[in-house]
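Open the structure in your viewer and keep the selection tool at hand. The tour goes from the whole chain to single residues.

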Amino acid sequence: MTYPRPPHPLPPGHTVELVTDEAAFAELAPQWRRLYDRCAAATPFQSHAWLLSWWRSYGSAGRLRLVLAREGGELVAAAPLTLVRRPVPALVPLGGAISDYGDVLLDDERGPDAATALAAGLAAAARTALVDLREVRPGAAAERVYARWRGPRHRLADSLCLELPALPLDELVARLPSAKARQRVRAQLRRLDALGVKARPVLPDEADAALRRLLDLHRLQWRGRKVTGEHLRPRFREHLVRAVGPMVRSGDAQVTEFRMADEVVAVDVTLLSHRLAGGYLYGAHPGLRERKADVAVMLLAACAEYARAPGRSTLSLLRGDEPYKHHWRPEPVPNQRLLLARRRTAPLLAAALADAAARRRGKELLRRRAERKGHAGGGT
């Protein structure tokens, strides 16, 4: 643990620290939990269990960068980051591509001083690197750090998330645009009931076995089809089981089993925070679809129940613009990418913006090519 010298004065009574050691990260768990509970904008992807597990599966030795701010010894702000070298040297959030939201933690009870101290700590820790905060949800704590940053900065759009209000399922059905759509969902619910599909929240001591079953079912359901390859790798399996078990015990996640008679036919993980519930990953036996059971309706019914807890206003469908999600008329909510530089690292900011623009042009070119192929195929 080091105490970097910030380039700007800290608010009175505040100090900043830089943690680069995994063992020290693990020991922070109780303090991290207290801070997490006092940051209303925090998502489950900022929980200590998720981040430490991710680091143990995906982190690179020597690259851990936890920027901490304290007031009178109490942890009041934290930025969980790792150092990357490409496309430019940058501090990026722990959690990587398997986390839908990136953010920092700020104690809501401490006012703006916590954000000011964390901004100063980030500037000191970055040194010759850019601070590149990806997948920042609107209203996130990182926006307060961005507002207090004293150097060059830039905001870009990042991935699209789709969100529903935290309503009971019958009210979500009532929001559908047509009587036909509403009738179809109700018929699907009756079909699930006729098949005898029952949802059961998994108890904490059952979570590890249920998660392994989820991943086995996930592999089975996608056999022979295009799937996110990372979800099939041993390191992801280790991470999910190691992270979600403690999160179930702390109330940051819920694992649900769906049974027909005595057989588990599906397992789902819903992640939970102060403001939202989000269906993260599921595995379902192909036999459900063969019996004409609508798995998406089944999962949403369970997730909607968890989203109704006091204080939760959002049922997040998380990242991805898949057509089946749009059946529910969700609101598109783009994540943000917040780029922060010091004056001496302003060229890195320019390079990152150029790289982002080139990637956007490349994606647009691929999209147009796919559209042309689709039109050509439709005309034959």
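The stops below begin with the overall fold and then move to one selection at a time.

**Before you start**

This is a predicted model, in which local features need pLDDT of at least 70 and side-chain atom pairs count only at pLDDT 80 or more, while totals for chains, interfaces and linings use all residues. Residues are numbered from 1 along each chain as its sequence is written, and side-chain values use heavy atoms, with hydrogens and water left out.

**Stop 1: the whole chain**

Show the protein chain as a cartoon. How many helices and strands are there in the protein chain? There are 13 helices and 13 strands. Helices (H or I, at least four residues) and strands (E, at least two) are DSSP runs, numbered from the N terminus.

The radius of gyration of the chain is 22 Å, close to the 21 Å that the globule rule gives for 380 residues, so the chain is as compact as a globular protein of that length. That radius is taken over C-alpha atoms, and the globule rule is 2.2 Å times the number of residues to the power 0.38. Along the principal axes, the C-alpha atoms fill a box of roughly 65 × 55 × 40 Å.

Now switch to a surface view. The accessible surface comes to about 17,900 Å², and 51% of it belongs to carbon and sulfur atoms. Accessible areas come from the Shrake-Rupley method with a 1.4 Å probe; for residues, only the protein chains shown count as cover. Of the 380 residues, 50% are buried. Buried means under 20% relative accessible area, exposed over 50%, and partly exposed in between (1.4 Å probe, protein chains only).

Contact means heavy atoms within 4.5 Å. Among contacts between residues at least 6 apart in sequence, 74% join residues at least 24 apart.

**Stop 2: helix 3**

Select residues 48-58, which form helix 3. Nine of the eleven residues of helix 3 are buried, so this helix is largely enclosed by the rest of the structure. Among the buried ones are Trp50, Trp54, Trp55 and Tyr58.

Within helix 3, pick Ser57. Ser57 counts as buried, at 16% relative accessibility. Which residues is Ser57 in contact with, leaving aside its neighbours within four places in sequence? They are Arg235, Glu238, His239 and Arg242. For a distance, take the C-alpha atoms of Ser57 and Arg237: 180 residues apart along the chain, they are separated by 9.4 Å.

**Stop 3: strand 12**

Select residues 314-319, which make up strand 12. Thr314 is buried, with a relative accessible area of 9%. Not counting residues up to four places away in sequence, Thr314 touches Arg137, Glu163, Leu164, Ala166, Arg275, Leu276, Ala277 and Ala307.

Further along strand 12 is Leu318. Its phi is near 60 degrees, a positive value in a residue other than glycine. Leu318 counts as buried, at 4% relative accessibility.

**Stop 4: two loops**

Is Ala261 buried or exposed? Ala261 counts as exposed, at 71% relative accessibility. Ala261 is found in the loop between strand 9 (253-260) and strand 10 (263-272). Although Ala261 is not a glycine, it has a positive phi of about 60 degrees.

Next, go to Pro87, in the loop between strand 3 and strand 4 (90-93). The peptide bond from Arg86 to Pro87 is cis, with omega near 0 degrees.

**Stop 5: cysteines**

Show the cysteine side chains. The structure holds zero disulfides, a disulfide being a pair of cysteine sulfur atoms within 2.5 Å. For Cys39, the closest cysteine sulfur is in Cys161, 17 Å away and too far for a bond. Cys303 is in no disulfide either, and the nearest cysteine sulfur, that of Cys161, is 13 Å away. Cys39 is buried, with a relative accessible area of 0%, and Cys303 is buried at 5%.

**Stop 6**

Finish in helix 11 (residues 295-306), where Ala302 is found. Ala302 is buried, with a relative accessible area of 10%. Draw a line from Ala302 to Gly72: the two are 230 residues apart in sequence and 43 Å apart in space, C-alpha to C-alpha.
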